[in-house]
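The list covers a pocket, some aromatic rings and a site named in a record.

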Amino acid sequence: MIERFSAPGTILPMYLETITASDMAWQEQALCAQTGADFFFPEPGSSVREAKRICAMCAMRSACLEYALNNDERFGVWGGLSEKERLGLRRRAQN
Ligand code: SF4
């Protein structure tokens with residue numbers, strides 16, 4: 001299932017070895033599991049508005065964002081935040 005949530009070619013084998021089934025349980029209730037990954041991994045410069053609209057309605061938003069931050073997900077929209085927004089959040093947390 002993790003492939004559904006990551007841009008093609010971005011899953012590192014070391015992550016697959018460390019991620020447990022319970023880490024991923026929230027994905028079974030993820031709203032984006034019903035929509036496909038395209039909205040969440042748009043081409044560079046494309047809008048993320050539709051992905052954020054879906055995330056805003058998703059009950060798994062907090063778990064999704066926590067997972068993305070804990071696993072240093074660099075690509076796509078996770079937990080309603082874009083790549084730049086997650087990077088900003090990470091930087092603010094370090095200061
Ligand atoms: S918050 Fe967005 S990306 Fe995360 S599981 Fe929900 S719909 Fe998917």
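My entries follow, topic by topic.

**Entry: the model**
I noted at the start that this is a predicted model.

I began with empty space. Rolling a probe the size of a water molecule over the atoms shows where such space is left. I looked up the largest pocket and found about 260 Å³ of space in it. Next I asked which residues are closest to its centre. They are Pro 42, Pro 44, Val 48, Gly 76 and Glu 83, out of 14 residues that line the pocket. I counted 7 nonpolar residues, 4 polar ones and 3 charged ones.

**Entry: the aromatic rings**
I turned to the rings. A pair of aromatic rings is described by the distance of the centres and the angle of the planes. I found 2 aromatic pairs in the structure. I took a look at Trp 26 and Tyr 67, which form a tilted pair. Their centres lie 5.7 Å apart, and the angle between the planes is 55°. Where do the two partners sit in the chain? Trp 26 is in the loop between helix 2 (21-24) and helix 3 (49-56). Tyr 67 belongs to helix 4, residues 61-70. The partners are 41 residues apart, and the pair links distant parts of the chain.

**Entry: the annotated cysteines**
I looked in the UniProt record, an unreviewed entry. Its "binding site" annotation covers Cys 32, Cys 55, Cys 58 and Cys 64. The four span 33 residues in sequence. Still, no two of their C-alpha atoms are more than 10.8 Å apart, so I noted that they gather at one spot.

Cys 32 lies in the loop between helix 2 and helix 3. Cys 32 is buried, with a relative accessible area of 11%. Cys 58 sits in the loop between helix 3 and helix 4. I read 16% relative accessible area for Cys 58, so this residue is buried as well.

My last question was what Cys 58 is in contact with, leaving aside neighbours within four places in sequence. I found Ala 30 and Leu 31.

Notes
Residues numbered from 1 in each chain as written. Predicted model: local features only at pLDDT ≥ 70, side-chain atom pairs only at ≥ 80, totals over all residues. Heavy atoms only, no water. 1 Å grid on protein atoms, 1.4 Å probe; cavity = no way out; pocket = protein on both sides within 12 Å on 5 of 7 lines; lining within 4 Å. Points joined across faces, edges and corners; volume = space filled by probe spheres on them. Nonpolar A, V, L, I, M, F, W, Y, C, P; charged D, E, K, R; others polar. Phe/Tyr/Trp six-rings, centres within 6.5 Å; stacked < 30°, edge-to-face > 60°. Helix = DSSP H or I, 4+ residues; strand = E, 2+ residues; numbered from the N terminus. UniProt positions renumbered as here; feature names shortened; annotations may be inferred. Buried < 20%, exposed > 50% of the residue type's maximum accessible area, 1.4 Å probe, protein only. Contact = heavy atoms within 4.5 Å.
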